[in-house]
Amino acid sequence: MTHHYAERSINKDTQEMIKRAEELGIETVWDRLEAQQPQCGYCATGLSCRICAMGPCRIDIFGEGPKRGVCGASADTIVARNLGRMIAAGASAHSDHGRDIIETFHLVASGKGGDAYEIRDPEKMRRVAAEYGIETEGRDDMEIAEELAEAVIEEFGMRKGKLQMAARAPSKRQEIWEKLGIVPRGIDRENVEMLHRTHMGVDNDYVNILLHGLRVSLSDGYGGSMVATEFSDILFGTPKPVESQINLGTLKADHVNIALHGHNPMLSEVIVRAAQDPDLIKLAKEKGAAGINLVGLCCTGNEILMRQGIPMAGNHLMQELVIMTGALEVMIVDYQCIMPAVTDVAACFHTKVISTFDKAKFPGATHISFDPERAIEIGKEIVRTAIENFPNRNPDRVRIPVEPVNLVAGFSVEAIVGALGGTPEPLVNAIKEGKIRGAVGIVGCNNPKIKQDYGHTVLTKELIANDILVVVTGCTAVADAKSGLMTPEAADLAGEGLRGICKALGIPPVLHMGSCVDNTRILVLLSALANFLGVDIADLPVAAAAPEWYSEKAVSIGAYAVASGVYTVLGTAPPVFGSMNVVKLLTEGLEDAVGATFAVEPDPKRAAVLIRRRIEAKRKALGLPHIEPDSIPMPEPEITL
Ligand code: BF8
Ligand code: SF4
């Protein structure tokens, strides 16, 4: 058994809980990764195929083994098909989440939202309705809502030529998509078409498959995910700056603790209300608790942090560890990124895992089927279950390892533009003057192959120190917040220019823009900046990075970032190195097609240099004061693939 806690995570809470897991003999994600070594080299490089029953096949590019699958598929075809399917799975996950949100909005619009849901941001709804060409003048909210819900629901199929919200991109960007034939049409349609194309004997041309991959990703970025973000704002409120706390120290030893894990705010928003119910609080006190304490995990956590200021227990790799505090009564899960292992860990404690979506069941969990029409009742039932479980807690086994850290979240585009005085102009001016050299979106997951949060936090610190504004979502946001980078005081870590601006506005140098579907907020912000300057997104001094990504959703996000013209650096290697043609297309060829590429760089200090060089090259091309890109020295690698 290894004792290299410090190699697994940069965070004290994680290190302490890994130690605790070893004391108790409980297996964690790191142990299971170790047990999987060595992982399959064919799969790691994208060279295995099990799409049909003539296979499974694998291609041996280096040795004497086969160069073709049974059907004759080459390494290029197999790698591209596998990547195409990853994009489609990720886009489908986001888009099906978006569908659940729009269906709830439709329910509200047709007067069936009960007392659980309402339209909390009618002004935003009217703005979106106008984009869809819906008459808003002199009309009642509910009338507009119904027409809007139906128009958006139609976009999941194929009734329209193109997705309406794709028109938010700058016109030059839309022209590029049209020229390449990758304007997103129906959301479901693009995903189904990818499954069709990657069936045996359909699309065998790696360029053609991957171009469609970009189209699929755009149906996520400007479709499914954007629907999820916009309609979550309309239903639950558009985020505004909010203070809260983060890490395992947010659990309270004397409270009933409930963790909300997953991605969809439909249920978690209702739980937030149920936990404030006076009868339930009274019941908690009768059971000997001081109150009810909610904490978030992963993106459901980000959703309720952004809108309600609910504290955050941690990111992806914390989901087992939060149970090992021994202080968790219930973990409520909806869907995505929930390791099946959580029920195994829960079985070692009094913790109950409650699954809630019929499409996401977990062996070992209690299933309480969520029905939006009975949302409040179900929310209360779940909170009551947690309270009733409190007396089963063994206080001797409780370990809450650290004190929580403060943070400020809630930076929707509306909030950012609001902080700037209603226009992106001050930000644009700061970029023009070089006080802010550019902006970078750092997004994505934790992956046990990388020391937890090292990639996120090191890259973030390198960039802000060089006057690059960082916006974050998903598990990156949680990583940076745990390291104290999301407070106004963290501006002291920024370069002089960025520091001055953050201090003047009272904002952190790292802005939390939400969950992973909320990467679409970054698309909207980029389009606003590009439109303000009258240029394309690819002309802006911006970039993206996913230093510790693991999920298929992250692949879709990376693809729509690049398809939108944003240079994107990945920290974890995607399974594409089995085809040098695919690698060349992704890291070079796409520059000519869409004005941006992927890069793979596991060392965040080197990734920071790649990004700074890119930003300076873009500044130079725009005629802004710049540093010669080649004069930024590249450090020797400390971490390799
Ligand atoms: O959607 S960043 S580990 S929690 S996939 Fe998952 Fe990755 Fe976290 Fe959010 Ni996004
Ligand atoms: Fe093998 Fe071709 Fe079938 Fe894939 S599609 S498993 S390469 S025969």
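Guide: Domain bounds here come from an automatic or database domain assignment, and the structure discussed is a predicted model.

Visitor: Between which domains does ligand 1 lie?
Guide: The shell around ligand 1 includes residues such as His263 and Cys337, as well as Cys445 and Lys553. Residues of this shell are given by two domains, and ligand 1 therefore lies between domain 3 (242-397) and domain 4 (412-631).

Visitor: Which side chain has an N or O atom 2.6 Å from an oxygen atom of ligand 1?
Guide: Two side chains of the shell can be considered, with a polar contact taken as a pair of N or O atoms within 3.5 Å. For Lys553, the distance from a side-chain N or O atom to an oxygen atom of ligand 1 is 3.1 Å. The distance of 2.6 Å belongs to the side chain of His263.

Visitor: Which backbone nitrogen does a side-chain oxygen of Asn264 reach at the start of α11?
Guide: Helix α11 spans residues 265-274 and is mostly covered, with nine of its ten residues buried. Among the buried residues are Pro265, Met266 and Leu267. At the start of this helix, the side-chain oxygen of Asn264 comes to within 2.7 Å of the backbone nitrogen of Met266.

Conventions
Residues numbered from 1 in each chain as written. Chains lettered and ligands numbered in written order. Predicted model: local features only at pLDDT ≥ 70, side-chain atom pairs only at ≥ 80, totals over all residues. Heavy atoms only, no water. Near = heavy atom within 4 Å. Polar contact = N/O pair within 3.5 Å; in protein donor to acceptor, adjacent residues only side chain to side chain. Buried < 20%, exposed > 50% of the residue type's maximum accessible area, 1.4 Å probe, protein only. Helix = DSSP H or I, 4+ residues; strand = E, 2+ residues; numbered from the N terminus.
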